[in-house]
Every structure is written in C-alpha cells, then in structure tokens.
Amino acid sequence: MERGLLVVALVLSLVVGGVGLMPPRKPVAFPWQSALPALLAFAVSLPSAGIFAPGQALGFGVLLGGVFGALAGWLVLQERPTAAAGLALAPLLLLLSLHGMFPRENLLGATLGLLAALCVIGWRSPEATPALTLVGALTVGVATASCLGTFRPAGTIKTGWLSFPMVLTAGILVLTTVLRQGKASASRLMIGAGGYALLLALAVRPLALATVGAPAPLLGSLGIALVLGLMLVWLAQADTALRRVLGVLLTLAALSGANHLGQGYGIALLLIGLAALALLTETVDTLLPALAAVALAALWRLVALRFDDARGFGLHEQYLLLGLLLGGLLPTLAAALGSLLGAGATLLAVPAALTVLYGPRAGLTLVLGLLAGQLWSAAAERTRSLASLFALGVGTLLAQLLGHLAPLADKTRLARLELVVGIGLAWLVAAGIGYLIERKQK
C-alpha cells in the first residue's frame, strides 16, 4: 500500500508539472547553468575512497534534485509556480517509491540539489525569488516529513504517516492546477480556502484512519496551517509594523503547537499546509516569511533528532550565542557579497568552520539562528532578497553534512585551527574569483 500511494503521488506530480510544459505564458531560455552545482557534487561523490562513497547515494540524489530543480526553476520563470512545485516533488517521490523505504542520503541529497539550482536561478532572476522560495519550502516540507518519520523509536509511527504528506501535497497541486486553468481570480482566496478544507475533509480523515488510527495529530497540524495562513493573509492586507509583529507571534504560536505533534512531524505538515495555501490563494509574498521560518523549524527538528550529540546543549555555552548570531546574519551577508560564487562559498564555509571549531551543537544553534533571523526579517521589513532561500539551503546542508563534519571537532585545537584556516583560504579564493567574474560581466 505504501509504495502504491507513492506511485500515485508521483504520477500526479508529473501530471501537474507536465501542464507547465504546455505553451509557456512567458517564453524564457532554459537555465541549464543552474544544474552545474549538482553535476559538480555528483562528480565529487564518485571517488570510491571518499566520505560519500557508500553507494554514492548522496551524489545520485543531488544530481537528480539538481536536474529537476533546473526544470522547476524554468517553470517558475514562465510564471507557473504550481507546475514547478509538481516537478520539484517528483525526484523525492521517485526515490521513495523506488527504494520502498526512506533513504535519508538520497532524499536529503535531492532536496539539497534542488535548492542549489533554485538559488542559482534566483540570483540571476531576483523577481522570481518569492515563487522559487515557495517551491523550495514545499520540497523541504515533504522531504523533512519523510525523514522525521524514521528518527524515532520503532513502533511509534506507522508507514502510512510517511506516504501521507506526499499524497496530500500531490492532491493539492492537482486542485490548484484545476483552479488556475479555470482562471478563478475574483474570489481566489475563498475558492482556495474552501478547496483546501474540502480536500482535508475528503482525504485526510479516511487516510489517517486507515494508516494511523488516530487522525487528531494530522488534522491538528493542518488545521493550524489553515487558520494561521488565513490570519496572515488578513494581517497583510494592511502592511503595518504592528500587523507584521502579530504575524510573527502567530507563527511562533503555531510552531510551538505543531512542534509537539508527532515529535516534530507536525512541523513538516504545517509547512506543507502553508505552502499549499500560498499556491491556492496566490498570496506568496504574504506567506513567504512564515514559510521560510516554518521550513527552518522543521530542519532544526531534523538536525536535533538525527544527531544524538546535538541534544541537551546548555544556553550558557559560547557556541550558542555565536551560532545564533551567525545564523541570523549569514543569509543576508551572503546575499550582500555581490557574486554568486562568493555567496555559495560563504554559505558552505561558515557552517563548516563553525562545526569544526565547536562541534555538532554549534550546527544546531546555527539552524536556530537562521530561524530567528527569518522571523526578525518578517517582523521588521519585507524584502525580495535571496536571504530566505539561502537560509533554507544552509539548514538543509547542515541536516545532511553535520554527521560528516562532527568528527572533525574531536581533533586537537591546532588541527582544528589548521582546518579552519584552510576553509578560510578556499573561501577567499572562491569569493575573489566570483568578484572578478561579476565585475567582468558588468
């Protein structure tokens, strides 16, 4: 049953993506350069003696995610975000249905490859950043929901939980595609909210009863998403400082509630629900800060549950403050560097150096800093920079690579300093090359 549901969701997502390949609304060139980071990561993973060698699972996942990320970004540039979401969902569903299980290396690798492609496209086309971030957040939600279902004691979660987010998301994409093809624009908000509620009533309870036995956690998380989304849409109608702060407080309250449902699994469902509401109501700008914040909260739970060494950290330790500050500043700092290569080097170098110096707990606090920075940005101002998309990329990077970086923190202080100096020199070279490339193009 599990694999059958995943295959159904895969077919639906491909159908939705195929709609976007019809005559484009806005003809644009295919952004083939956006797949280059995935190709490079795949090449790095090929050596048989490398740290990613066993089965090359990470490399193949990144490659698949990068290819579909380029396709999804192409559809976003054609102003077809729903179709882009369908294609972005396809590599995750394909990996899950092929394995009949939940391969974390493949799944997180595909998410990372896709986010890298979306970042490259967003750098070249800033006007597409909101839709790109929406697609990226939805992908993070589906992947995180699958992974969170595996990091818990045996017997506490049934496999049906793991297929549910995919089936629900694919169904929402189909519903949104139908609404958009019907060009229902006058009352988009009411149609979207009504369609979303109808989908919940028809799909959630029967599937939950069949696979879980108790639908309360599912309905609770998705109900929170619906109420939160509608409240955020209402608050954004008058864009004042007070309403932005109220929106942040609502998001924090929703995170607090969903965080206890399914030991973080509810956070992923909350993210999927918000992304679905953004697609249905076409209120991407309104829901964008909340989407990025909830996505980072889901990644934080994933990092905390995946690596036992990251649990039980004390608030008095220096890496907590350092991680929080760097997490809040890192995306904006990377976006301000002025070159894509320099931004990518910064997003890789800072988390790596921080983890090497202070261990896996510093990586966890960095994700918390990303979350805090996104919420602060949502309360203070509304921008269209790449900071939100960069934050998602760093959070996913830590969820995937923290286990490989953590052992380096056990080396001697001198060895760690040498590693950090090497990382700094590599960053300096990459940032310098990026600056020269951007200067030459201008």
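Contact is taken here to mean heavy atoms within 4.5 Å. The structure is a predicted model, in which local features need pLDDT of at least 70 and side-chain atom pairs count only at pLDDT 80 or more, while totals for chains, interfaces and linings use all residues. Residues are numbered from 1 along each chain as its sequence is written, and side-chain values use heavy atoms, with hydrogens and water left out.

The protein contains 17 helices and zero strands, where helices (H or I, at least four residues) and strands (E, at least two) are DSSP runs numbered from the N terminus. Of its 442 residues, 57% are buried; the term buried denotes under 20% relative accessible area, exposed over 50%, and partly exposed the range in between (1.4 Å probe, protein chains only). The accessible surface amounts to about 18,100 Å², and carbon and sulfur atoms account for 70% of it. Accessible areas come from the Shrake-Rupley method with a 1.4 Å probe, and for residues only the protein chains shown count as cover. Among contacts between residues at least 6 apart in sequence, 82% join residues at least 24 apart.

Two helices were compared with their expected span, defined as 1.5 Å times one less than the number of residues. Helix α17 (residues 413-441) has 29 residues and should span 42 Å, in agreement with the 42 Å between its end C-alpha atoms. The buried residues of α17 are Arg416, Ala430, Ala431, Gly434 and Glu438.

A nonpolar core is a set of buried Ala, Val, Leu, Ile, Met, Phe, Trp, Tyr and Cys residues joined through side-chain atoms within 4.5 Å. The largest such core has 102 residues, and Leu291, Leu389 and Phe390 have the most contacts inside it. Helix α12 (residues 284-306) supplies the largest share of this core, 16 residues. Apart from it lies another core, of ten residues, including Leu168, Leu179, Leu269 and Leu280. With neighbours within four places in sequence left aside, Leu389 is in contact with Leu115, Leu118, Cys119, Leu132 and Thr133.

Val303 is located in helix α12 and counts as buried because its relative accessibility is 0%. Its contacts, leaving aside neighbours within four places in sequence, are Leu364, Val367, Leu398, Ala399 and Leu402. The C-alpha atoms of Val303 and Ala399 are separated by 5.1 Å, although the two residues are 96 residues apart along the chain. Thr396 belongs to helix α16 (residues 387-405) and is buried, with 1% relative accessibility. Not counting residues up to four places away in sequence, Thr396 touches Leu108, Thr111, Leu112, Leu115, Val140 and Leu299.

A search of the whole structure finds one salt bridge, the criterion being a side-chain nitrogen of Lys or Arg within 4 Å of a carboxyl oxygen of Asp or Glu. The pair consists of Glu438 and Arg124, whose closest N and O atoms are 3.6 Å apart. Distant parts of the chain are linked by this pair, with Glu438 in helix α17 and Arg124 in helix α5 (residues 104-124), 314 residues apart. Glu438 counts as buried at 11% relative accessibility, whereas Arg124, at 47%, counts as partly exposed.

On the surface, Phe30, Trp32, Leu36 and Leu39 form a nonpolar patch with about 410 Å² of accessible area together. Patches are made of residues with over 30% relative accessible area and no salt bridge, like charges being joined within 9 Å and nonpolar side chains (Val, Leu, Ile, Met, Phe, Trp, Tyr) within 5 Å. Trp32 lies in the loop between α1 (2-20) and α2 (36-45) and counts as exposed at 53% relative accessibility. Leu39 is in helix α2 and, at 43% relative accessibility, is partly exposed. The C-alpha atom of Leu39 is separated by 7.7 Å from that of Gly66, 27 residues apart along the chain.

Glu79 is in the loop between α3 (57-77) and α4 (81-99). Phi of Glu79 is near 65°, a positive value in a residue other than glycine. Most residues other than glycine have a negative phi. Glu79 is partly exposed, with a relative accessible area of 44%.
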